[in-house]
Amino acid sequence: MSDTHPILEVLDLHVHFKMLAGMVRAVDGVSFAIERGRCLGIVGESGCGKSVTARSILRLLPSSQTSGQILYRSDTDNQPVDLVSLDPKGNAIRAIRGRDIAMIFQEPMTSLTPVYTIGEQILESIRQHQTLSEDEAYELAVSMLNKVGIPDAERRFGDYPHQMSGGMRQRVMIAIALSCQPRILIADEPTTALDVTIQAQILRLIRSLQRDLDMSVIMITHDLAVIAQLADFVVVMYLGQMAEQAPVVELFQNPKHPYTQALLRSIVRPDTPSREQLHSISGSVPDPRNAPSGCRFRNRCPSAHDRCVQDPPVVTFGPRHTATCWLYVDEETGTETAVFRS
Amino acid sequence: MSAITDIGRPTSDVASTQPVVSRGRILAARIMANRLGIVGIAWLALTVSVALFADFFAPYGVDHVHEGALRAPPQRVHFFREGSWRPSRPFVYGYKSERDPRTFLTTYTEDPDQVYPIYFFVQREPYRLWGLIPSRLHFFGVEEGGMIALFGTGRLGRDVLSRVLVATRISLSVPIIGMLISVILGSAIGVASGYWGGVADILIQRLTEVMMSFPRIPLWMALAATLPADLSSLHRYLGVTIVLALIGWAGLCRQIRGKTLALKESDFVMAGRAAGSSTPTILFRHLIPNCFSHIVVVATLSVPGLILAEGALSFLGIGITPPLVSWGTLLKDAQSVQVLTKHPWLLAPGVLMVLTVLAVNFLGDALRDALDPYSQIR
Amino acid sequence: MSDTPILQVEHLSKYFPVQRGLFRKTVAHVKAVDDVTFTVHKGECLGLVGESGCGKTTLARCLLRLVEPDKGRIVLHGEQQALDIVSASRKEMLDVRRQMQIIFQDPFSSLDPRWRVTDVVAEPLIAQRIGRAEAARRVLELLPTVGLGAHFADRFPHELSGGERQRVSIARALIVSPPLVVADEPVSALDVSVRSQIINLLLDLQSQMNLTYIFIAHDLSIVKHISHRIAVMYLGQLVELGTTRQVFEQYRHPYTKALLASALIPDPTRRDEGYVLEGEVPSPINPPSGCHFSTRCPFAQERCSAEEPALRDMGDGHWVRCHFAEELDLSEEIFAPVAALG
C-alpha cells in the first residue's frame, strides 16, 4: 500500500440478493482501493458484479444484503466513514451522494427526466448540495456545460433531453455529476451506448476533467480497450469474485489469472491475422443464481484442477498485483510458487 | 479442422447451470405473494364450485314455496337444546307468526316447540344436475314437513339461500361468456388493426372511440330493449350476454392494438418475416401468444363491470327474466326502502355481488402485478 | 472467393417520412438509405461499417425486404435465375427467403420468448412448406453444427445464455442452407468472452457451407478480422468501398480515416495515439448539403457543401465518395490532436 491513504477503500465486500431460485451472491468478497486523482477500472462481463459493486458504494441497492466495509476519506487526515454502516435512505449517505461521490450511467436518456430542460436539471443538482444565489448557480451551470464541451451552452440550456443526441446527453450527465465537484466520479459503462467517434470524445473528456479537477474516477466497463486507454489500476471481476487486480500496464503485459489471460487473448487487435480462428473461452458466463462453488471460473478454465472446487487463495505477484487462483500455489507444499515478495 | 470441432463442442456443461426456475413457478410465486389475490382466488373458486353444483348445495328448488312464511327472517342455527348443556346435532326452530293488528305486518319469531335437526347429504326435491343427471341429493336439509331458511324467505315465501345459490350460475356465466366473446372479438380486431395499420386501422380505431364514448348503461339499456319481448328466457339470456360482449370488446381492442404495434416492430416478428412465415403464422403464433398475458389481465379486470352490468339490466327488468334467476332479478325484490329497515336479508344477492366483484378485482390486480416484468419478485 | 456476383444492389434508397400534426402531414424525410450501389461476390464476406443512424441496419432490412425500399434494384443471382427482390412477387419472395437469411443483433429480442428452440430454428423450414417431422429432424441435425447439443431442442430462449441464443439465431438462418447470409451486428450484444466464439463459428460455417456474408458492425477490429471487402457508410450513403486492405491502409475518404482513428487501441502503452473526430453525426432528417461529411471534415472546402460528390472508382474496385480523393494527404495528423483536449 502507498503511504497516502486511498480516498476509497473497499474491504471484503459482499452483496447478496434474495431471489426465488435462492441467494444470489452478486458480489462475493471484493477488496480494492482507489487513490486520489487516479482512475480505477473495473472490468468484467455481464453478471460479474461490477455494476453492483459501484451501486453499493453509493448504497443504491437498499434491497440487498451488504456486508464488508467501504471506507471513504474525504480528506487525508479525516477519519474514514464506513459507507456500509450508513442508512441507505438516511441523510448521511444522501450528503455524500452527488456532492462527494457522483455517478454517471450507461443510458443517459433514462437518467435524465424528460419533462425538465437540461438547464433545470443541472441547476437542481447544484442547489441540492450548494448554497448559491440564483445567478451564481446559473453561472456555474453554464460553465459546467461549457466545460463538458457543449457548444453554445447558454442557448442549449433550455433544451429538453430528447432534443439532444446520445453523446450530448452523456455530456449533460457528466456536467450534472461534476457540478458539485465530487471527489470521486463513478462511470458505469458511460460509452457503451455511444458511437465509436463519440465514445472517443467522451473518454477523452473524462480523462481531461479528471486531471483538471484532481478527481478520482471509477470506470466500469466490459471493454478492455477502454480500460487500456483510461485506467491506472484495474480490477478484473468474474461472477462476483475478484479474479485479478494490477496496475494497468502490468495487467496487460503480465496477466496471471487464466480468465484475464483468456480475455486478453480473445480481443481482436490491429495485428491479429485476419480470418483466422480467434482465441476463445469455451462456454458462456453461467447465470449468477447457479454459480459454481469454489473458483467460479473453473468450468470454463483451461487450467482447471481438482483443487478449484475450493475457494482459491489470493496470490501476490508484485506491488499491488494479485490474482485469486490455485494455479500459483504448489500442490504439495501449499506454498505460493513464483511469487513476488517485497 | 480441429478448431472446428472445438468450436462445435456443445456448451452443455455450462448451459446446464442456466436458471432452472420456470416462468410458471415465478408467476405462481408472485401470485402467492399477494394476499388479496389469494383471497380473491379462494372466493372465486368457492363461488364457481357453488355455481356448478348449485342444485346440490341449495336445500330447495328455486320455486319451492314455504307456505305461511312470507318474508320470514333468517333462521339461526342452534347447537344446544333449550336447558341442556350437551351439544346436539345442529338444528333450527320453526316460525311462530304474529300479525300486528294496526300495520297488518306479519312478524316471525322462533318457535321452540318446532325443532328441525339439520341432516347432511339428504335425498330431497329431485333435480337434474346440468340438465342431464337426475338426482335428489342435497348438501343439507331438514326432515320432510319442516323448513330451513338460513337466509330467510322472500315475498312469495321462497328460500332466499336456494335462489341466491342457483342465481350464481347466471350471474357468473353471463359475465364470463360475455368476457370470452369480447376477448375473442377484441383481440382479433385489435391484432389485425395493429398489424395491418392503414385505413382499416383508422376506421377501427374511430369505431372503438365512438363505442367507448357512449355512456354505458343507457347503451346497454337501449340494446337490451331491442331484444324482442316475447323471447324465451333462455334466448334472452344469450341475448344479454351478446349485448354485454358487443360493448366490452372496444376497450380490449385498443389495448391489444397498442401491444401489437409495439410487438410488430420487435426483432422476433422481423425474424419471423425474414424466415418467410405467412401473415397468419405471424399473427397467431407470434403476436397473439405474446399479447396473451396482457389479454388475460385486461379480460379479468373487465369481468366486474360485466357482473354489475348484468345485475343492473336484470334489476331494471330488461336483462334476465323469470323463470331464470340472477342476482339482479333477485334484487328486484329488494327495491323498496322497507326492505332496508324490515327485510334486510333480501339484500343477500347484492352482498354476494359486491364480494364477487371485489374478488375478481383482487385477482386481476394480482395477475397484473405478477405479469409485470418490473416486479421485484424474481 | 470469386468474382461471380451473388447480389447486386443498384441505387437503393429508403426514405422514411417524418410526419407532424393532426393530419400526419409529411414535413421531411429521413434518408436512411440514399442511393446505395454495391455488389457482393460469391463466397466473400462484405463488411459494412458505420455509426448508429448511418442506415446500415435499414439497408440490411431493405435487402431482405423486411422494410420496403423506395427506389432501386436488388438483384439476387440465384441458383436457377436472377431476380429483382424489390419487385419480387409473394411466391418469388419465398424463394428469396430460401436463398438469403439474416442473423439479428440482439439474441434476446430476436427469439420469440414463447417458442422452443426447435420451433424457432424450424420456422424457415415450415415457411417453405416442409413437414413438421422432417423439419424437426433437420433441426436436430443442424444444432451440433452451431455448437448446441440436441438437448437444447426443447429449451425456451430464456433458459439460454446470450451466446447460446445467438447460436440458435444462426441455426435459424442456416436451416434452409441459404447461400447468402446477412449478419446484422451478430456479436455486439454478446459478452467479450463469447464474442470470439461466435466469430470463429461464423468463419467455420462460411468455409464449411460455402456461405457469402454481408457482415454489419460498428466494431472496426471485428469487421477487419472477418471481411474480405468493406463498405463504409455515413448518413445513408456509401462513402468508401474496397478490399479490407484498401479501406484500412489505403483509405481515401477522410471519414474512414476518422473512424479508424477513433477506435480505441487495447494497449495501455499506446495511449493518446488516435485522433478524435470533432462534432456530432448530423441529423439524417436534414443532412448537410453537398457532401454529408463536410460539416465535420477538416478538409472541407466551398465545393464540398455546394456539390454532392459521386461514388467514384479509384481503380482496383476501390470506390470513394469524395471530391478530393486523389489529392488529400490523409497520412498527416489531420484531426484535432489529443493534446488540445487534455
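This is a short walk through a predicted model, chain by chain and then across chains.

Start with chain C. It has 10 helices and 12 strands. How does its radius of gyration fit a compact globule? For 342 residues, a compact globule would come out near 20 Å, and chain C has 21 Å, which agrees. Along the principal axes, its C-alpha atoms fill a box of roughly 65 × 55 × 50 Å. Of the 342 residues, 51% count as buried. Now the contacts within chain C. Take those between residues at least 6 apart in sequence: 65% of them join residues at least 24 apart.

Next, chain B. Chain B is divided into two domains. Domain 1 is written 38–52 + 164–371, and domain 2 is 64–155. The C-alpha centres of these two domains of chain B lie 37 Å apart. The contact between them takes six residues from domain 1 and seven residues from domain 2. On the domain 1 side, the residues divide into four nonpolar, one polar and one charged.

Strand E3 covers residues 106–129, and strand E4 covers residues 133–142. The two strands pair in the antiparallel sense, over eight bridges. For one of the pairings, look at B:Val122: its bridge partner in E4(B) is B:His138. Three residues sit between E3(B) and E4(B). In that turn, B:Trp130 has a positive phi of about 50°.

That brings up backbone angles. Most residues other than glycine have a negative phi. So two glutamates deserve a look.

On chain A, the residue is A:Glu189. Its phi is positive, about 45°, and it is not a glycine. A:Glu189 sits in the loop between strand E7 (184–188) and H8 of chain A. Buried or exposed? A:Glu189 counts as buried, because 20 C-beta neighbours lie inside 10 Å.

On chain C, the residue is C:Glu185. Its phi is near 50°, again a positive value in a residue other than glycine. C:Glu185 lies in the loop between strand E7 (180–184) and helix H6 (192–209) of chain C. C:Glu185 is buried too, with 21 other C-beta atoms within 10 Å.

Now the contact between chains A and C. Here 39 residues of chain A are in contact with 41 residues of chain C. Which helices of chain A supply at least two residues each to that side? They are H7 (166–178), H8 (196–213), H9 (224–230), H10 (248–253) and H11 (258–266). H8(A) gives the largest share, eight residues. By type, the chain A side divides into 17 nonpolar, 15 polar and seven charged residues.

Last, the core. The largest nonpolar core has 282 residues. Which members touch the most others? Two are in chain A, A:Ile218 and A:Val234, and two are in chain C, C:Phe215 and C:Val232. Chain B takes part as well: the core draws at least three residues from each of its domains 1 and 2.

Take A:Ile218 as the example. Leave aside residues up to four places away in sequence. A:Ile218 then touches A:Ile34, A:Leu40, A:Ile42 and A:Ala54, along with A:Ile184, A:Ile186 and A:Ala187.

That is the tour.

Notes: Residues numbered from 1 in each chain as written. Chains lettered and ligands numbered in written order. Predicted model: local features only at pLDDT ≥ 70, side-chain atom pairs only at ≥ 80, totals over all residues. Core = buried A, V, L, I, M, F, W, Y, C linked by C-beta atoms within 7 Å. Buried ≥ 20, exposed ≤ 12 C-beta atoms within 10 Å, placed from the backbone. Domains from an automatic or database assignment. Contact = placed C-beta atoms within 7 Å. Pairing = 2+ DSSP bridges. Helix = DSSP H or I, 4+ residues; strand = E, 2+ residues; numbered from the N terminus. Nonpolar A, V, L, I, M, F, W, Y, C, P; charged D, E, K, R; others polar. Rg over C-alpha atoms; globule rule 2.2 N^0.38 Å.
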